[in-house]
Amino acid sequence: MEIESVQLPFGQPLTEQYVKRTNPKVESIFGSHPADDRAWTDRLRQLKEHTSRRIPADRLAAMLERYNTRVNGHRSVISNIQAIANGAPVVVGGQQAGLWTGPLLVIHKAVTIIAAAREASLLTGETVIPVFWIAGEDHDWDEANHAIIHHGDAGINKIAIDRPSGSRTSVSRTELTREAFLEAVEQLKSSLPDTGFKPDLIARLTGFAEQSRTMSDLFALTMGWLFGDQGLVLLDSDDPALRELEAPMFQMIIERNDELEQAYLTGAEAVRGLGFEPQADAQEGSANLFLFLDPQDENGAGIPERTLLYKREGRFENRKGTFSCSREELMSIAVNTPSRLSNNVLTRPVMQDYVLPVLATVLGAGEIAYWALTAPAFRMLDMQMPIIMPRMSFTLVEGTIAKHMIKYDLTFDDVAFRFPERKETWLKEQDDVDIDGRFAEAKRYFAEMYDPLLDTIGSIETGLSLLGEVNKRRITEQIEYLEKRTKEAHARRFETVTRQLDRIATALWPAGLPQERVVNISVYWNLYGRSWLDRLLELPLDRCGGHRMIYI
């Protein structure tokens, strides 16, 4: 397997400066950097010194074992959970549940988590466990409900499951019918070409569909199939058993809510002070907590709606003010029914650190940027931010695609950032009749002939000049129309070439986006089985993330 390192734009200037270590002030926000060996041993020592500030390891392990036995019961997973019970630290990363894991970046994050845990074990001399946090409490259904498929010349196909009618609730609480899951598998079956790997792929996904009630169930079963033998422990953030363990931290978040609010606002100001725009919304008056409205509450009929809470006149309310409760009533919910509470993007990091002994957390570029806002909150709660590990990323390059890139002298940067220009340039180079030049000459000759005529007719009657200009424009448009048709006819002479060029773009940079943000794993599993995934899992960790082209 050939591997080539390339540099993709970070998209987040703060993250770029952190990863590349070009700004000490940015690095100081996070307190450490994964490239430093000492950061790992220092963080491990801190975890051991403050075990009482987290969920007891035995209770955490019991919850993880119940959940993983149901969806991810591999022997290595259960063994790793026992190690957590005995005090082993973890490397954790998470993502919202997506159809058949969603885009490839989810796979890349899991690969990074496993590689980071493996390297951390070598650095510290202690067993470090990989954990994947399924963000099942999120309610953005349009992000979770689909998978993007492409192959050959067939283009891109989006397979999606519609959200059932009713209130907006979390992905893990949105129940789907068996028929909805099976219909999605049938669409996938029709979209993928027939290969030797296809029957097993479809059979497995069919089996998972029959076992699933929610998208989170399907996600967990698929992730267990892919990574269970690597010992990747799974956790659903909306698991009621987890909520019971989180209750004390929810109580602290409510009790010290005003201080937390100020901490997040301070974090946002610190980011602005360094010249960056905050990547999370730290709002004045936000409680930074969601509440699942009881079906008896207003606007909560039937399905518990997940709603963000705001503080108004000493009370906690939803945005519209149709639900309201006192601090004491919200505290009672945290004590008695913590499953009704849910973190937002800013409180989730501190909750994760309360739940797990986090040695390092694996984050994407956008996540690193918004975690910067949480530094004051960690300090306020007398907690320490874990090591922030940038997620590794990959582009899978099939043999045929690689050959076509060589044939047309295309680099990855050409495909990603200047493909339309390179394609047009190639076609122009094949133009042996100089279409652009000949039509430009024709338009120039026409203008030279016609403009004196306009002067003549204008001297006869003023109104004729306007008519003449209109006529000139129409004739010019007809010449340009003929030019366009001529270019299209010329391009048809090279249909095979343009098809090959377009296939390169669709494979590596589909819909103008990185492959990992679009394409689902089923495309490559169908073509190559799991051999390419096993090779990714064998790669050494890049502690600064990095992007690699993987030729398969």
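A nonpolar core is a set of buried Ala, Val, Leu, Ile, Met, Phe, Trp, Tyr and Cys residues joined through side-chain atoms within 4.5 Å, where buried means under 20% relative accessible area, exposed over 50% and partly exposed in between (1.4 Å probe, protein chains only). The model shown here is predicted, so local features need pLDDT of at least 70 and side-chain atom pairs count only at pLDDT 80 or more, while totals for chains, interfaces and linings use all residues. Residues are numbered from 1 along each chain as its sequence is written, and side-chain values use heavy atoms, with hydrogens and water left out.

**View 1. The largest nonpolar core has 77 residues.** Within this core, Trp 100, Phe 132 and Phe 227 touch the most other members. Helix α6 (residues 104-124) gives the largest share, 12 residues; helices (H or I, at least four residues) and strands (E, at least two) are DSSP runs, numbered from the N terminus. A second, separate core holds 71 residues, among them Leu 14, Phe 30, Leu 289 and Leu 356.

**View 2. Trp 100 sits in the loop between β2 (90-95) and α6.** Trp 100 counts as buried because its relative accessibility is 2%. Leaving aside residues up to four places away in sequence, its contacts (heavy atoms within 4.5 Å) include Ala 147, Ile 159, Leu 205, Asn 520 and Ile 521. Although Trp 100 is not a glycine, its phi is positive, about 50°.

**View 3. Glu 313 belongs to the loop between β8 (306-312) and β9 (315-317).** Here, too, a residue other than glycine has a positive phi, near 55°. Glu 313 counts as exposed because its relative accessibility is 83%.
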